[in-house]
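Thanks for coming, everyone. Please have a look at the model on the screen, and then I will walk you through it.

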Amino acid sequence: MRGVFAVVSFMFCILLLLADSSSHPLCTNMRSPFKPKTPLSFCQYNGSVCCNSSDDMQLQNLFKAMNVSDLSCASLLKSVLCSRCDQFSADLYRMESMPRGVPVLCNSTVSSNSTKYQHGGADFCTKVWDECQNVSVLSSPFALQGRGGTPFNSTSKLSDIWQSKSAFCDTFGGSSDGELVCFDGGPVLLNNTEIPSPPSGMCLEKIGNGSYLNMVPHPDGSNRVFLSDQPGKVWLATVPEEGSGEMLVIDESNPFLDLTDQVYADTEFGMMGLAFHPNYLQNGRFFASFNCDKVRWPECSGRCSCNSDVGCDPSKLGSDNGAQPCQYHSIIAEFTANGTASQPSLVTSVKPLEVRRIFTMGLPFTSHHGGQILFGPKDGYLYFMMGDGGSIGDPDNFSQNKKSLLGKIMRLDIDNLPSAFSISDLGLWGNYSVPGDNPFSEDKELQREIWALGFRNPWRCSFDLERPSYFLCADVGQDQYEEVDIVTKGGNYGWRAYEGAFPYHPPKSPGGNTSTSSINPIFPVMGYNHSDVNKAEGSASITGGYFYRSMTDPCMYGRYLYADLYAGHIWAGTETPEDSGNFRSTIVPVSCALDSPIQCSGAGSSVPALGFIFSFGQDNSKDMFILASTGVYRVARPSRCNYTCSKENATSFAHPGPLPSPSPSTSSTRKLNNPVVELLLFYCLMSLLFGF
């Protein structure tokens with residue numbers, strides 16, 4: 001009898017485990033998720049997934065075949081297609097009951113009682129209907145499922161098949177109910193993976209009236225920063241403590257550096273970048289990136305980026321806004337703080353004398369020059385962001401041309417200076433050498449300086465202070481989409497074959513085209529449609545920011561902040577789970593503190609009049625600043641604007657931790673939702689171990 005009882009007990013335990021086994025991830029082919037050998041490029045899923053690179057490419061081809069003209073609808077349909085890569089896709093597609101062509105879409109009209117899964121509460125089904133009901137889609141997956149597996153039409157609109165939203169969502173909608181799950185537009189998360197709530201708002205204090213493009217914290221770790229403006233002046237400023245009621249201390253009449261005689265400043269020209277050598281306190285070296293006009297300044301002279309090496313003839317370009325091809329140049333020049341004080345940290349002004357010219361390149365048109373420079377926090381190399389050179393649609397296809405430096409992010413070694421022979425022999429653009437591990441070492445077609453390619457106009461990039469491998473760049477779009485990319489070695493970010501994740505068709509292409517099938521693009525992790533922010537004007541321009549790492553607003557901690565130049569909108573991108581590359585962006589309400597040292601325009605209203613948002617900045621205390629046409633603003637404590645943040649009352653000495661991250665393996669560390677089951681499993685374990 002004891003043996004029979006043991007067998008029965010063993011089978012009972014197995015059944016208990018099976019009963020709860022549905023919390024394991026599972027793919028639509030009923031196999032376990034896996035980590036792909038290469039990251040997915042079309043479907044932005046990371047970690048354990050249900051798609052390999054071949055599946056990813058197939059989904060991309062399906063998306064292309066749908067030929068969706070409306071970007072808002074296209075973005076939603078892309079996420080629906082990519083849900084097959086979710087590690088819980090078997091649950092999304094109800095594979096154990098009646099397999100579906102599309103996942104169950106979260107519908108807020110159906111209550112969510114899931115003890116296991118969670119979603120953001122968004123009515124995703126309604127969102128799909130609202131954005132796509134009148135959009136023609138070729139071979140729509142909804143049309144296929146809506147007629148019992150028989151396509152309703154090769155080209156159809158949702159409104160052709162369903163008479164109302166309720167009829168559509170009756171067919172495709174559902175909720176996270178019990179052991180089931182629905183699709184809300186992003187990766188499925190378990191209930192033991194916390195989704196941080198969006199911040200209730202961002203409180204600002206205005207501490208300066210000047211308009212600047214760059215803010216760089218002083219390398220000495222003090223509360224001083226360097227600020228530079230577009231015409232070419234750099235100032236050394238002292239930043240007051242947050243909430244002190246004091247303003248930025250800056251002597252406008254005594255700049256740290258004045259390059260206005262060398263810099264050509266106009267709408268998209270000027271002093272674009274400023275960077276201090278990692279060993280500035282010892283060597284006094286710093287660098288400025290700016291534009292110049294060779295007609296006005298004889299020392300503004302270099303090779304034209306439109307040349308025979310890249311298959312371009314400058315004589316065929318014609319004038320642009322009254323300027324000849326390569327009349328304007330992008331320059332990186334080195335300066336020194338040595339010689340005017342006993343040590344660089346004590347220097348308050350320097351002479352505008354170049355130590356050496358690091359880089360000089362003539363520009364084909366009068367826009368899209370990027371120009372930001374940053375030192376890599378781990379490798380110490382200089383990163384140089386360069387746009388596609390301008391004109392509509394990158395007509396000469398510079399961004400995809402591997403021999404052109406336009407539309408690229410470059411990585412330069414400014415410590416090991418080359419000989420004049422090496423510069424000539426290697427075809428370098430100035431006094432720098434090329435790191436041996438740049439991507440050209442693996443792709444011989446690439447120009448040596450290139451770190452990443454396929455950009456239109458990267459406008460403000462940053463390395464995360466706490467995760468230096470996270471190198472994020474905002475890239476300005478053409479007609480419809482603004483994007484944020486995680487930049488990696490050798491990555492191709494698609495322009496001009498793609499604008500964001502959507503195929504782009506240039507109005508003219510004398511430089512030839514790059515087919516979408518010939519590249520493996522990396523698509524944005526965040527972004528927005530022009531129509532989302534500026535429906536009246538139909539234009540937008542993204543301004544990249546930083547991961548917020550200050551203790552001033554703990555509810556903003558760990559989120560990536562970015563903005564639109566024109567619309568005054570600011571987004572907070574939340575990565576969930578942490579280190580996954582999956583971001584959800586929300587527009588953040590912005591207010592100005594009534595006790596701001598300088599009253600904001602529109603104070604007391606929900607949105608202060610910031611004007612143009614040119615850039616963001618960080619200081620040595622990790623506080624974050626907005627550099628706008630109306631002045632300098634700092635992110636302040638939420639309570640100063642009556643925003644609620646439960647973490648704000650924590651001691652100011654406690655460093656806020658990163659956003660909650662999931663357990664390393666959801667299958668091995670999952671929570672059991674039923675305490676009775678837990679008790680019975682404990683009994684099973686004891687009986688198997690000790691025989692009682």
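In which strand is the place of Trp571? Trp571 sits in strand β28, residues 570-575. Helices and strands here are DSSP runs, numbered from the N terminus: H or I over at least four residues for helices, E over at least two for strands.

A word on provenance. This is a predicted model, so local features need pLDDT of at least 70, side-chain atom pairs count only at pLDDT 80 or more, and totals for chains, interfaces and linings use all residues. Residues are numbered from 1 along each chain as its sequence is written, and side-chain values use heavy atoms, with hydrogens and water left out.

Back to Trp571. Is it buried or exposed? Trp571 counts as buried, at 5% relative accessibility. Buried means under 20% relative accessible area, exposed means over 50%, and partly exposed is in between, with a 1.4 Å probe and protein chains only. Now its surroundings. Leaving aside neighbours within four places in sequence, Trp571 is in contact with several residues, among them Tyr528, Val533, Tyr560, Tyr562 and Ile587. Contact means heavy atoms within 4.5 Å. Ser585 is also on that list. Trp571 and Ser585 are 14 residues apart in sequence, and their C-alpha atoms are 6.1 Å apart in space.

Now the whole chain. The protein chain has 12 helices and 33 strands. Of its 692 residues, 55% are buried. Take the contacts with a separation of 6 or more: residues 24 or more positions apart account for 65% of them. The accessible surface comes to about 29100 Å², and carbon and sulfur atoms hold 52% of that. Those areas come from the Shrake-Rupley method with a 1.4 Å probe; for residues, only the protein chains shown count as cover.

Next, Cys461. Its place is in strand β20. Cys461 is buried, with a relative accessible area of 2%. Not counting residues up to four places away in sequence, Cys461 touches Gln372, Leu374, Met385, Phe471, Leu472 and Cys473. Thr543 is 82 residues away from Cys461 along the chain, yet their C-alpha atoms are separated by 9.0 Å.

On to charges. How many salt bridges does the structure hold? There are 23. A salt bridge is a side-chain nitrogen of Lys or Arg within 4 Å of a carboxyl oxygen of Asp or Glu. Side chains of opposite charge can pair when their charged atoms come close.

Start with Asp464. Its side chain meets that of Arg467 in a salt bridge, 3.0 Å from N to O. Arg467 counts as buried, at 11% relative accessibility. Asp464 is buried too, with a relative accessible area of 3%. Asp464 also forms a salt bridge with Arg549, at 2.8 Å from N to O. Arg549 lies in the loop between β26 (542-547) and β27 (560-564), and Asp464 in the loop between β20 (458-463) and β21 (471-475), so the pair ties together parts that are 85 residues apart in sequence. Both Arg549 and Asp464 are buried.

The next pair is Asp595 and Arg640. Their side chains meet in a salt bridge, again N to O, at 3.0 Å. This pair links distant parts of the chain, 45 residues apart: Asp595 is in the loop between β30 (590-592) and β31 (613-618), and Arg640 is in the loop between β33 (631-636) and α12 (675-690). Asp595 counts as partly exposed, at 47% relative accessibility. Arg640 counts as buried, at 12%. Salt bridges that share partners join Glu205, Glu242, Asp595, Asp623, Arg634, Arg637 and Arg640 into one network.

Last, helix packing. Two packed helices are described by the angle between their axes and the distance between the axes. Axes here are lines fitted to C-alpha atoms, for helices over the stretch in contact, and angles run from 0 to 180 degrees between N-to-C directions.

Take α3 (residues 71-82) and α5 (residues 124-132). Their axes come within 8 Å and cross at roughly 140 degrees. α3 and α5 are therefore oblique to each other. The cut-offs: under 35 degrees is roughly parallel, over 145 roughly antiparallel, 65 to 115 roughly perpendicular, and the rest oblique. Residues of α3 including Cys73, Leu76 and Val80 meet residues of α5 including Phe124, Val128 and Cys132.

Then α5 and α8 (residues 165-172). The axes come within 10 Å and cross at roughly 130 degrees. α5 and α8 are therefore oblique to each other. Cys125, Thr126, Val128 and Trp129 in α5 meet Lys165, Phe168 and Cys169 in α8.
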